[in-house]
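Hi,

Here is the structure I said I would pass on.

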Amino acid sequence: MRASIGLTKSKRFMQVIALKHIVFVFLALLSLTPLISSSYALVLGILMALFGWVPPQVKPAVWVKKLLAVAIVGLGFGVNLSVALSASVSQLGLLVVVITGTIILGLALTQLFRVEPTSGKLISAGTAICGGSAIAAVAPAIRARAESIAVALACVFVLNALALWTFPAVGHAFGLTQEQFGIWAALAIHDTSSVVAAAELYGDESLMVATTLKLTRALAIVPLVLIFAWWYRRTHPSSSAVGIVPGVPLFIVLYILAIMIAALIPQGQPVYAFAFQGARHLLALCLFFIGASLSLAQLKQAGFKPIALATLLWLLVASGTLWWVAF
């Protein structure tokens, strides 16, 4: 009798697990259709995470990185080459100032808040360039331990999720144009995924400007790693050569190539339009996975001081760039 009851409970448990998986997959596929907007896809992903309906084997954060790279390349087919060049060149000086100022300010706040130095450097790098990618690139150059990397990634992820909600609302409150919002998002939001997602929620023109300028910002990973590696060797003269400086991510090269192809071979416009729309739907799926990656455990893992450092640094960068763009 007990064995029969145990089998029944086990069967029901497996049915519940199967139902959760089916619902998750169904909503993920629904995000690829015009029936679900990007903002609703994000909300659905968050609900899946909060109710514990995300299959453990899915790893949404991993899928975001893979699918976002494909989506960005597809978005390149919808970018006007002259507009892209104008946005990048005209804001290049501001980009250098923001990146340099963020690093210096972040290192100063690290000492002020008495945050573990390696975690502070990683948080500063992630805020200055492109979030998790910059943290992953800088970490080997300064021999960062796994604990420091995890803390920095947790801080950046939390603020990225917050940016998706707050930036479009603030942009509308200040009456930012599509171009202004695109520039602001590209300068002040950490990860490429959140920049693209927030800009997509604001409008098509904003999406194009933000994506191009953000990827220009991401190119600063290479000199940043060189500088941190040089600094580490100087302060640790007994250490051996530190890591290998990463090159430019492949998806950035393919994004630029897609823009050039669309500009140089206009006859393929129907194909480019199809690729661009497909990328927009894929971006909605990325937003669903971003929401599904939400975890309160990451806040506990980070701790108060690193979160306070990352939040204050981000607020200073966001408010400073907003003032520059809006006024």
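**Salt bridges**

Searching the whole structure turns up 2 salt bridges. Please keep in mind as you read that this is a predicted model.

One of the pairs is Arg280 with Glu200, where the closest N and O atoms are 2.8 Å apart. Arg280 sits in helix α14 (residues 269-292) and Glu200 in helix α10, so this pair ties together parts that are 80 residues apart in sequence. Arg280 also meets the side chain of Asp204 in a salt bridge, again given as 2.8 Å, N to O. Asp204 belongs to helix α11 (residues 204-218) and Arg280 to helix α14, so here the parts tied together are 76 residues apart in sequence. Put together, Glu200, Asp204 and Arg280 are linked in a network of salt bridges.

How buried or exposed are the members of this network? Arg280 is buried, at a relative accessible area of 16%, and Glu200 is buried too, at 12%. Asp204 counts as partly exposed, with 47% relative accessibility.

**Pockets**

Next, the pockets. The largest pocket has a volume of about 660 Å³. Its lining is made of 27 residues, and Ala61, Lys65, Gly132, Asp191 and Ser193 are the ones that lie nearest the centre. By type, the lining of the largest pocket splits into 17 nonpolar, 8 polar and 2 charged residues.

The second largest pocket holds about 470 Å³ of space. It is lined by 21 residues, with Thr100, Ile103, Leu224, Ile227 and Phe228 nearest its centre. The elements giving two or more residues to this lining are α5 (92-113), α6 (117-128) and α12 (221-235). Which of them gives the most? That is α5, with 10 residues. The lining of the second largest pocket divides into 16 nonpolar, 4 polar and 1 charged.

**A nonpolar patch on the surface**

There is also a nonpolar patch on the surface, with about 960 Å² of accessible area together. Among its members are Leu81, Leu85, Leu250, Val253, Leu254 and Met260. Two helices give two or more residues to the patch, namely α4 (81-90) and α13 (250-264). The most comes from α13, with 8 residues. Ile256 is another member of the patch, and this residue lies in helix α13. With a relative accessible area of 42%, Ile256 is partly exposed, since that value falls between the 20% limit for buried and the 50% limit for exposed.

**Two loop residues with positive phi**

Lys59 has a positive phi of about 55 degrees although it is not a glycine. You will find Lys59 in the loop between α2 (38-50) and α3. Arg114 has a positive phi of about 55 degrees as well, and it is not a glycine either. Arg114 is in the loop between α5 and α6, and at 72% relative accessibility it counts as exposed.

Happy to go through any of this with you on screen.

Best wishes

Terms used. Residues are numbered from 1 along each chain as its sequence is written. This is a predicted model: local features need pLDDT of at least 70, side-chain atom pairs count only at pLDDT 80 or more; totals for chains, interfaces and linings use all residues. Side-chain values use heavy atoms; hydrogens and water are left out. On a 1 Å grid over the protein atoms alone, a cavity is a set of points where a 1.4 Å probe fits but cannot get out, and a pocket is an open set with protein on both sides within 12 Å along at least five of seven lines; lining residues have an atom within 4 Å of a point. Grid points are joined across faces, edges and corners, and a volume is the space filled by probe spheres set on the points. Ala, Val, Leu, Ile, Met, Phe, Trp, Tyr, Cys and Pro count as nonpolar, Asp, Glu, Lys and Arg as charged, and the others, Gly among them, as polar. Helices (H or I, at least four residues) and strands (E, at least two) are DSSP runs, numbered from the N terminus. Patches are made of residues with over 30% relative accessible area and no salt bridge: like charges are joined within 9 Å, nonpolar side chains (Val, Leu, Ile, Met, Phe, Trp, Tyr) within 5 Å. Accessible areas come from the Shrake-Rupley method with a 1.4 Å probe; for residues, only the protein chains shown count as cover. A salt bridge is a side-chain nitrogen of Lys or Arg within 4 Å of a carboxyl oxygen of Asp or Glu. Buried means under 20% relative accessible area, exposed over 50%, partly exposed in between (1.4 Å probe, protein chains only).
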